[in-house]
Amino acid sequence: MKTEQDVMARLRAQAEPVLGKGAAARIRAFENGDLYVEARTASTLWAWLVDFLLVTGLSAAAAVAYYFKSNAFDAAVGASVIGVAGLIVVPLLYGWFYGNGRGLGALFNGIRLVRLRDGGRIGLGKAGWAMLIRTLGFVVIALGVLNGDTTVGSGVRTHLDIRETERLRAAGFVRKP
């Protein structure tokens with residue numbers, strides 16, 4: 001009887017001539033059996049960095065704009081509140097615009113955030129939550145990766161490499177045997 005690891009190892013060996021060694025090693029299966037190529041950890045981190053910089057930049061810009069435009073005696077307090085609130089509100093709003101799993105960071109890196117269950121869209125509500133966690137937790141996750149932790153995923157969602165997954169499927173590798 002063949003184990004799951006044996007099946008995936010054989011499949012990776014068969015796909016290696018088409019995809020190359022690196023991409024073939026990243027072949028995974030969704031819970032429903034469909035195959036995909038997992039995004040590189042570096043691509044995921046770069047995507048998270050772009051989204052983090054976008055969110056924090058917009059939050060900081062709103063706070064600075066309030067501080068310089070306000071006539072209030074305690075403009076610094078208002079700017080601080082706007083900056084902190086922006087770190088929560090902006091990722092939620094930004095996430096709603098990336099319900100298809102393609103924020104600007106993912107778009108620039110050729111990856112997509114999908115459900116592990118079936119590779120489908122994560123949905124609007126979950127996208128906002130995922131972006132909030134991604135941007136607020138970016139520093140903690142980046143430090144973990146620098147210390148050797150490669151488990152960037154959540155257990156519910158994953159990043160797939162769009163180009164390599166398309167090549168995998170075009171070569172006839174669609175579902176786990």
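Predicted model: local features only at pLDDT ≥ 70, side-chain atom pairs only at ≥ 80, totals over all residues.

Student: How are H3 and H6 oriented to each other: roughly parallel or roughly perpendicular?

Tutor: Two packed helices are described by the angle between their axes and the distance between the axes. For H3 and H6, the axes come within 9 Å and cross at roughly 90 degrees. Angles of 65 to 115 degrees count as roughly perpendicular, and H3 and H6 are therefore roughly perpendicular to each other. On the H3 side, the residues at this crossing are Trp48, Asp51, Phe52 and Val55, and they meet Met131, Arg134 and Thr135 of H6.

The setting of this pair is a chain of 177 residues, 39% of which count as buried. Its secondary structure comprises eight helices and four strands. In sequence order these elements follow the pattern α-α-β-β-α-α-α-β-α-α-β-α. Among contacts with a separation of 6 or more, 72% are between residues 24 or more positions apart. The accessible surface amounts to about 10,000 Å², and carbon and sulfur atoms account for 64% of that area.

Apart from neighbours within four places in sequence, serine 59 is in contact with Gly83, Gly86, Leu87 and Val90. Serine 43 is also found in helix H3. Its relative accessibility is 16%, so serine 43 likewise counts as buried. Beyond neighbours within four places in sequence, the contacts of serine 43 are with Asn109 and Ile111. Serine 43 and leucine 160 are 117 residues apart in sequence, yet their C-alpha atoms are 9.9 Å apart in space.

Leucine 136 belongs to a nonpolar patch on the surface, together with Ile88, Val89, Leu93, Trp96, Phe97 and Leu124. The accessible area of these residues together is about 740 Å². Helix H4 (75-96) and helix H6 (124-136) are the elements that give two or more residues to this patch. The largest share, four residues, comes from H4.

The charged pairs complete the picture. Side chains of opposite charge can pair when their charged atoms come close. The count for this chain comes to seven salt bridges. One of them joins lysine 176 to glutamate 4, with the closest N and O atoms 2.8 Å apart. This pair links distant parts of the chain, since lysine 176 is in the segment after helix H8 (162-170) and glutamate 4 is in helix H1 (residues 4-19), 172 residues apart. Both partners are partly exposed: lysine 176 has a relative accessible area of 26%, and glutamate 4 has one of 40%.

Another salt bridge is formed by arginine 175 and aspartate 34, whose closest N and O atoms are 2.6 Å apart. Here too distant parts of the chain are linked: arginine 175 is in the segment after H8, while aspartate 34 is in the loop between strand S1 (27-29) and strand S2 (35-37), 141 residues apart. Arginine 175 is partly exposed, at a relative accessible area of 47%.

Arginine 115 and aspartate 118 form a further salt bridge, with a separation of 2.8 Å between the closest N and O atoms. Arginine 115 is partly exposed, with a relative accessible area of 23%, and aspartate 118, at 29% relative accessibility, counts as partly exposed as well. Finally, Arg163, Glu164 and Arg167 are linked in a network of salt bridges.

To return to the question, H3 and H6 cross at roughly 90 degrees with their axes within 9 Å, and the helices are thus described as roughly perpendicular.

Conventions. Residues numbered from 1 in each chain as written. Heavy atoms only, no water. Patch = residues over 30% accessible without salt bridge, like charges linked within 9 Å, V, L, I, M, F, W, Y side chains within 5 Å. Areas by Shrake-Rupley, 256 points an atom, 1.4 Å probe, with all protein chains shown as cover. Salt bridge = Lys/Arg side-chain N within 4 Å of Asp/Glu carboxyl O. Contact = heavy atoms within 4.5 Å. Buried < 20%, exposed > 50% of the residue type's maximum accessible area, 1.4 Å probe, protein only. Axes fitted to C-alpha atoms, helices over the stretch in contact; angles between N-to-C directions. Parallel < 35°, antiparallel > 145°, perpendicular 65-115°, else oblique.
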